[in-house]
Each structure stands twice: as C-alpha cells, then as structure tokens.
Amino acid sequence: KWSILNNNQYDGHVKKYCSNIDYGCIDNKTLLDSKDDAANANWGGDWRMPTVFEQEELLAYCTYTFMSLNGVKVFKLTSKENGKSIFLPAAGYRWNESSYTKGILLQYWSVSLSEEISNRAYFFNIQEENLVIEIGYRCGGMSIRPVLAK
C-alpha cells in the first residue's frame, strides 16, 4: 500500500513486484499478475495490458497521426503491414485527485515493471510528434489499451 507524504511524494515501499530491497520485499516479478492487470480485472477473459516490448513494436511498425475524431483529440496508429488502425484518445493522466493534460498528452501503461526502480512501470508517452517509452510511478493514473492474449 502506498502512503502519501506531505510533499506529494510517495514513500516507495511496495509489498509485491519488487527487485530492490530499498523498495520493499523482493519477489523479482517483472510483469503484473493477471489479477493485478487493470485490463484483465475490468474486461476479464483473455484481455490484458500490453508488455513494453509490444508497445515498442506498435510504435516501430506503425505510422502515426495526431488528429481530432468526433471532437476528441486522438493519436491514430496505422499498421505498415496491413493498413489497420487503432485510435488512442489523448486522455492525459491523473495524479492524486487531479487530472492533467487532457486533450494534449497520451500516456498508456504497460504490464511491464521497472527492474531497477521497483515502484515504477513502463508506459508510452505521446505528445504531438514525440513518442517515447518511459518509466513512471505505478500509483499514477494513466490510460490502458487492452490487448487479447495470444
């Protein structure tokens, strides 16, 4: 469980998914279990969040466009192989009780956890033409894009 300190920083102690004694009890897990995967918890069945490798693959094998669709700013990714597209809304992110960068920033969690910093996980961050894979605090509120397990 996370505890919030007065300066809005987290104490960083984790009870699961830990590879560094400085952050809690070591279990060396680098992927979320299905019961802790937001896509699986909300959609069930074979739905899950993508791995960081799958996110990197998506960015590498697609062309992309930032556009407006029915009045919503979205990021359109189109496969270079088959021409199929997916649309990711620019939902921004949540921190504590507040929302930020809605309509500007796309941040989507992966199921992959940082091996170096146990209280963080990988996500892709898209703002206009800038696409990067980053690590962020696992307690932050970002979007997910469910995928079907193979």
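The second largest pocket of this predicted model has a volume of about 190 Å³, a pocket being an open set of points on a 1 Å grid over the protein atoms alone, where a 1.4 Å probe fits, with protein on both sides within 12 Å along at least five of seven lines. Volumes are the space filled by probe spheres set on the grid points, which are joined across faces, edges and corners. Lining residues, defined as those with an atom within 4 Å of a point, are here Tyr17, Leu32, Asp36, Ala38, Met49, Trp109, Ser110, Leu113, Ala121, Arg138 and Ile144. They divide into eight nonpolar, one polar and two charged, where Ala, Val, Leu, Ile, Met, Phe, Trp, Tyr, Cys and Pro count as nonpolar, Asp, Glu, Lys and Arg as charged, and the others, Gly among them, as polar. Strand β7 (residues 106-113) gives the most to this lining, with three residues; strands (E, at least two residues) and helices (H or I, at least four) are DSSP runs numbered from the N terminus.

β7 also belongs to an open sheet of three strands in the order β7-β8-β9, with antiparallel pairing, two strands being paired if DSSP finds at least two bridges between them. Because β7 and β9 (130-137) stand at the edges with a single partner strand each, one side of each is left without a neighbour in the sheet. β7 and strand β8 (residues 120-127) pair over five bridges, and Tyr108 stands opposite Phe124 in β8.

The largest pocket has a volume of about 620 Å³. Of the 25 residues that line it, Glu54, Leu58, Cys62, Ile86 and Val147 are the closest to its centre. Two or more lining residues come from each of α2 (52-60), β3 (72-79), β4 (85-89) and β10 (147-148), and α2 gives the most, with four residues. By class, the lining of the largest pocket comprises twelve nonpolar, five polar and eight charged residues.

The protein chain as a whole has two helices and ten strands. Its radius of gyration of 16 Å agrees with the value near 15 Å that a compact globule of 150 residues would have, taken over C-alpha atoms and with a globule rule of 2.2 Å times the number of residues to the power 0.38.

Residues are numbered from 1 along each chain as its sequence is written, and side-chain values use heavy atoms, with hydrogens and water left out. In this predicted model, local features need pLDDT of at least 70 and side-chain atom pairs count only at pLDDT 80 or more, whereas totals for chains, interfaces and linings use all residues.
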